[in-house]
There are 2 protein chains.
Amino acid sequence: MNADKVPDIIVGRLPIYLRALQGMAEKGMRTTSSQELGEHVGISAAQIRKDISQFGEFGKQGTGYSIPYLIDKLREILKVNRMWDVAVIGAGELGHALSHYQGFTDRGFRVAMLFDNDPSKIGKKVGEFIVEDSANMVERICSAKIKIAMLTVPAVAAQAAADKLVQAGVRAILNYAPVSLNVPGNVHVQYIDPATHLQRMTYYL
Amino acid sequence: MNADKVPDIIVGRLPIYLRALQGMAEKGMRTTSSQELGEHVGISAAQIRKDISQFGEFGKQGTGYSIPYLIDKLREILKVNRMWDVAVIGAGELGHALSHYQGFTDRGFRVAMLFDNDPSKIGKKVGEFIVEDSANMVERICSAKIKIAMLTVPAVAAQAAADKLVQAGVRAILNYAPVSLNVPGNVHVQYIDPATHLQRMTYYL
């Protein structure tokens, strides 16, 4: 397995497979086929077999995949066979929702800190978190060795916040601000912007 | 221009270009180049020129692109030179955040209705909306001719809600529930699942 050699588009499908397999496991299923998995995720069986075979031989012809085994392997490949602490920057409605989101822990993530620069929010309790002053962001994230952040600040504040995150040693940013970020090549950014997703669909309507 | 002939990966980049151009326009800029636009969005100038040329000749060699003109053209291509009403299904924290989100209106979308099946939420005011009973969802969405919905219900409820949306005539679903949906071929689905996006990045860490 060589991380550099696998196209990012394949890497992007692995979390979808893992999510579907975890759903199957919750229903008590123990084995599946590329055909069945494909029907769950809307991807062809051939594509799934090809994607998974990039990382080794995890299934047997005729008997298919062991669900618990394939879950373990995918968690290992995606490095979520451990718990990652995540910092949330921006304690608005979205920051609140993410801090309370129940769907992270069984997928490898745990919100550990929540920051805002608004004096009326700093020090307030949000679920189990106290909103911290973003002035201390670099120091706090750096000393906690947090490598992942979710950015929910307004668009105008996003680049400056991203610069601070990079300075703090963050290597992966999930950016909810509707603006492209400039970061060094060793920092990964993924974008979540509902309007962009909607526009991609209206094209076809 | 033939919608069927343009690869979806190109369609997916157009909203990113539009967003960057609107940001430039807000800063008072009137013209740009594929080089400059590329630096904003992290995509090569050659790729941008190739993508945009799928739809016609919108720039001039040497003088570049007129920002207002290219914005108009992209809005036309993406069919957001009009306002789309959107139904939000699920009035939890995320549904609240989306109902209040300020970033939709200047990009072609307006939340028009908010539904939930929880009796303690139905009838409650959320911003300017009254949470409606999802039992009436099909009838309400159908009679309002709403074609777009955002799904923020729990994973276990998502497929049933999607079936209702399809029945109501919805053609584009932005699904926040962490589960793949089965819908007819003429219905478009885009997925927003933060854990999936994070896992795509931890692979590289």
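In the predicted model, helix 2 of chain B and helix 3 of chain B are roughly perpendicular to each other, because the angle at which they pack, about 105°, falls in the range of 65 to 115 degrees that counts as roughly perpendicular. Helix 2 of chain B covers residues 34-41, helix 3 of chain B covers residues 45-53, and their axes lie 8 Å apart. On the side of helix 2 of chain B, the contact is formed by S34(B), Q35(B), L37(B), G38(B) and V41(B). These residues meet A45(B), I48(B) and R49(B) in helix 3 of chain B. Sorted by class, this contact of helix 2 with helix 3 in chain B comprises four nonpolar, three polar and one charged residues.

A crossing of helices was also computed for chain A, where the axes of helix 1 (residues 8-26) and helix 2 (residues 34-41) come within 10 Å and cross at roughly 105°. Helix 1 of chain A is therefore roughly perpendicular to helix 2 of chain A. Helix 1 of chain A contributes I16(A), Y17(A), A20(A), L21(A) and M24(A), which meet E36(A), L37(A), H40(A) and V41(A) in helix 2 of chain A. The classes represented in this contact of helix 1 with helix 2 in chain A are seven nonpolar, one polar and one charged residues.

A further set of contacts links the two chains through T196(B). This residue is found in helix 8 of chain B, which spans residues 194-202. The relative accessibility of T196(B) is 9%, and the residue therefore counts as buried, since the cut-off for that class is under 20%. When neighbours within four places in sequence are left aside, T196(B) is in contact with P15(A), I16(A), R19(A) and R107(A). With R107(A), the side chain of T196(B) makes a polar contact, side chain to side chain, at 2.9 Å. I16(A), one of the residues in contact with T196(B), also takes part in the contact of helix 1 with helix 2 in chain A.

Chain A as a whole was also described. The secondary structure of chain A consists of eight helices and 11 strands. Along the principal axes, the C-alpha atoms of chain A fill a box of roughly 60 × 40 × 30 Å. Chain A has 205 residues, of which 48% are buried. Among the contacts in chain A with a separation of 6 or more, 55% are between residues 24 or more positions apart. The accessible surface of chain A amounts to about 9,500 Å², and carbon and sulfur atoms account for 51% of this surface.

Conventions
Residues numbered from 1 in each chain as written. Chains lettered and ligands numbered in written order. Predicted model: local features only at pLDDT ≥ 70, side-chain atom pairs only at ≥ 80, totals over all residues. Heavy atoms only, no water. Axes fitted to C-alpha atoms, helices over the stretch in contact; angles between N-to-C directions. Helix = DSSP H or I, 4+ residues; strand = E, 2+ residues; numbered from the N terminus. Parallel < 35°, antiparallel > 145°, perpendicular 65-115°, else oblique. Contact = heavy atoms within 4.5 Å. Nonpolar A, V, L, I, M, F, W, Y, C, P; charged D, E, K, R; others polar. Buried < 20%, exposed > 50% of the residue type's maximum accessible area, 1.4 Å probe, protein only. Polar contact = N/O pair within 3.5 Å; in protein donor to acceptor, adjacent residues only side chain to side chain. Areas by Shrake-Rupley, 256 points an atom, 1.4 Å probe, with all protein chains shown as cover.
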